[in-house]
Amino acid sequence: MIRLENLTVSYRRHPAVHHVSGSFADGQATAIFGPNGAGKSTLLKAIMGALKPDAGRVLMRGVARRDLAYLPQQSEIDRSLPVSVIDLVSSGHWQRSGLFGKVGRNDDDASWNALVTVGLEDFATRPIAALSSGQFQRVLFARILVQDAPLILLDEPFNAVDAATTADLLALVERWKTEGRTVIAVLHDEQQVREHFPQTLLMAREVIAWGDTAEVLTADKLRRASDTAAHWSANAPVCRVDGVIQ
């Protein structure tokens, strides 16, 4: 479904992702794992089209970007907007109905059922600004349920979230796996990766290893990722080749 070919992406004029090539396994859950500053979130943004590559390309086969569901980091979302929980969840229908399209009864039912699934049906009319971090993350997962996308991208979905919420949301990841959806998630918790993500891309701005999680997360490869990140020069030159996203 997604293949990266020699992908290089700079962020604020510094290289963040360097010559990454490889394919994500269709219908499986893949973790993007590595030290802080390894380029994990930058890679995810390049896949979804929010960042333009300096070199290389993202190839998407059998899926369009409108079929993609993306969950950003909470810090990137303005929660001061006067939006209710149910309205935010229902916005997941916009990709099919259009920004000003009519939301039908079936869509309303889907939004309500998604809230029930994440345990927030009693919060439907509350403003999102009144929610805790864990409750808000449940709402964002409910929105993904409404989108019903074959490809799901999650950027640090369990950061600053309580243990009970994390367990419930990981159960949704397990559900998506059984449904054959492709899930790609940036994660920091090694145990979560080992228990819930059969595939792992280990990064330190470049690929350290990519494949079965048990074979990727070895002590030697984790040490190599840490050493590579520690010695990477933030002033390294950026590859100046026009990028193409297809």
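How many bridges join strand β3 to β8, and do they run parallel or antiparallel? Four bridges link β3 (residues 29-33) with β8, and the two run parallel. Here a strand is a DSSP run of E with at least two residues, a helix is a run of H or I with at least four, and both are numbered from the N terminus. Two strands pair if DSSP finds at least two bridges between them. Along this pair, Phe33 stands opposite Leu202 of β8.

Before going on, keep in mind that this is a predicted model, where local features need pLDDT of at least 70, side-chain atom pairs count only at pLDDT 80 or more, and totals for chains, interfaces and linings use all residues. Residues are numbered from 1 along each chain as its sequence is written, and side-chain values use heavy atoms, leaving out hydrogens and water.

Now zoom out to the sheet. Six strands make up an open sheet with mixed pairing, in the order β5-β6-β7-β3-β8-β9. At its edges sit β5 (68-71) and β9, each pairing on one side only.

Next, look at Arg205, in the loop between β8 (199-203) and β9 (207-212). Arg205 is buried (under 20% relative accessible area, with a 1.4 Å probe and protein chains only). Arg205 has no salt bridge, meaning a side-chain nitrogen of Lys or Arg within 4 Å of a carboxyl oxygen of Asp or Glu. The nearest side chain of opposite charge, Glu206, is 9.3 Å away. Instead, look at the backbone: the Arg205 side chain reaches the backbone oxygen of Pro15 at 2.5 Å, and one of its polar atoms lies 3.2 Å from the backbone oxygen of Gly37.

Note on methods:
Buried < 20%, exposed > 50% of the residue type's maximum accessible area, 1.4 Å probe, protein only. Lys, Arg positive; Asp, Glu negative; His and termini not counted. Polar contact = N/O pair within 3.5 Å; in protein donor to acceptor, adjacent residues only side chain to side chain.
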